[in-house]
Amino acid sequence: MPPPLADSPLEVDGVRTLLAPTTGPMHAGLVFRVGLVDEPLARRGITHLVEHLVAHGPGRAGAHRNGRTGVEHTYFHVQGTESEVAEFLTGIGERLRNLPLGRIAEERDALRAEAAGRPAADPLPMWRHGARDYGLPSYPELGLDQLGADQLNAWVARYFTRENAVLWVAGEAIPAGLRLDLPGGERRPAPVASVALPNTPASFAGGSGDLAWDTVVRREPRAAVLANVLERRMTRDLRDTGAQRIRTRYEPRADGTARIVATLEPGPDRTLTGLVGLLSAVGAGQIDQDDVTAVAELTCDGLRAADERGARLPGQAFNLLAGHPVQSLDEALAGVRALTRDDVAEVAGTAYRAGLLMTPAGTDADLPGYTPATATSAEMVTGRTHRGRNNRGLRLVAGPDGVSVLDGDTVTTVRYDACAALLTWPDGGRQLIGQDALVVRAEPTLYRGADGLPAEIDARVPAESRVDLAAREPETVPQPPAPTRWFRRG
């Protein structure tokens, strides 16, 4: 059972509400506890599509309005006059009650355009969590073309309800005329994070030249301070290796944990060596007191500034949705001021032991202190074997429980009862994505006697896990290698 909700002193039409004065213009937000973690992979994009349909309604030109779909939350934000705020948020409720379904095709196109302009997805969540819940941010919005009115309305009925929402207002009072006519429902706690890494610290070689590290620790002030201490240390110790764009992030989660992420663009090869050594030193407790003091002071300054402009309210709304207490400014400041160097060093050790390191493409995965992240399966299914065309080292086994591919000494298996998504193409190509993020490519063109393979796979994967894709260009359909020709001398 989820923890009991924290008390909220205000409500607007049954929606828990937070109100705080601000030194700037009025701004407000409506937050729902639904995000990427709730989506099945085969319907990835459903929350973002609902957000676009609802946020882009009529409104006054002077108001600043937007929506955002995050990992655990979806929110709608507006800044403007009292009447502009009331009009926008009232419209959110109206459009959730009656989705503008005629805009589905237009908003799909808008989402594709957004995706084309974004940088490559972060692969670390997929390696840590697999192809579900907290691993979903690593994947594209595969499900957009599969979504229709019934699915969108069902998603709204499940997640976009007054019990699963919090309103926050940075201003002197709740805007006059604001109505939140949201459907009734249930509070929806975030799912339990899946685990795809059998051992940590772990490492894998990424698909680019980037270098990154992440970890999951308990959500608390000392972990947030550690994230910034780590950035200061990386900036100081790795600059002479040519590293660029050094950044860290602290991402609190609803379940009481938090993700710390460190990213950088490496210079020469010694950047990796330097980062591995730095993480090991930090994990061993080599934390500088001056760094802790400086970060704690900056954090307190940031908390005070955020409180003055109402910028702490969104985080407080997230806490309320998760059943966590709503902290006053004094409580937040006291938590940071009480930290010692030993506190930060202790959480640094936990962070190091849970770490996942992504090295640049082509890097040797054998790093001191790190276990290579699993990229193969431990066993094959039993069934009919299809041998590779012109490739003696390639075999595909299709049976009642799933599909395995043996390529040389590498085995990859996706069982039907653990298939997160099945991608299909009109030419018969099939790609099964397991919940552990492993992928089996079942291409009939590559195997002998595999003409019936697509129908066999389709019959065993539930329809809700299927993603039908557009036809591929003929030159992109995988083909077997040219046959080896043998010549006799003489």
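The conversation below takes up helix packing, cavities and a pocket in turn.

Guide: This is a predicted model, in which local features need pLDDT of at least 70 and side-chain atom pairs count only at pLDDT 80 or more, whereas totals for chains, interfaces and linings use all residues. Residues are numbered from 1 along each chain as its sequence is written, and side-chain values use heavy atoms, with hydrogens and water left out.

Visitor: Is helix 1 oblique or roughly parallel to helix 2?

Guide: Helices are DSSP runs of H or I with at least four residues, strands are runs of E with at least two, and both are numbered from the N terminus. Axes are lines fitted to C-alpha atoms over the stretch in contact, with angles from 0 to 180 degrees between N-to-C directions. Helix 1 (residues 46-55) and helix 2 (residues 82-97) pack at about 125°, their axes 9 Å apart. Angles under 35 degrees count as roughly parallel, over 145 as roughly antiparallel, 65 to 115 as roughly perpendicular and the rest as oblique, so helix 1 is to helix 2 oblique.

Visitor: Which residues in helix 2 meet helix 1?

Guide: Contact means heavy atoms within 4.5 Å. From helix 1, Val50, Leu53, Val54 and Ala55 take part, and their partners in helix 2 are Phe88, Ile92, Arg95 and Leu96.

Visitor: What volume has the largest cavity?

Guide: On a 1 Å grid over the protein atoms alone, a cavity is a set of points where a 1.4 Å probe fits but cannot get out; a pocket is an open set with protein on both sides within 12 Å along at least five of seven lines; lining residues have an atom within 4 Å of a point. Grid points are joined across faces, edges and corners, and a volume is the space filled by probe spheres set on the points. The count comes to two cavities of 30 Å³ or more. The largest cavity has a volume of about 70 Å³.

Visitor: Which helix gives the largest share of the lining of the second largest cavity?

Guide: The second largest cavity has a volume of about 30 Å³. Its lining includes Val229, Leu230 and Arg233. The largest share, three residues, comes from helix 6.

Visitor: Which strand supplies the largest share of the lining of the second largest pocket?

Guide: This pocket, of about 470 Å³, is lined by 22 residues. The largest share, four residues, comes from strand 10.
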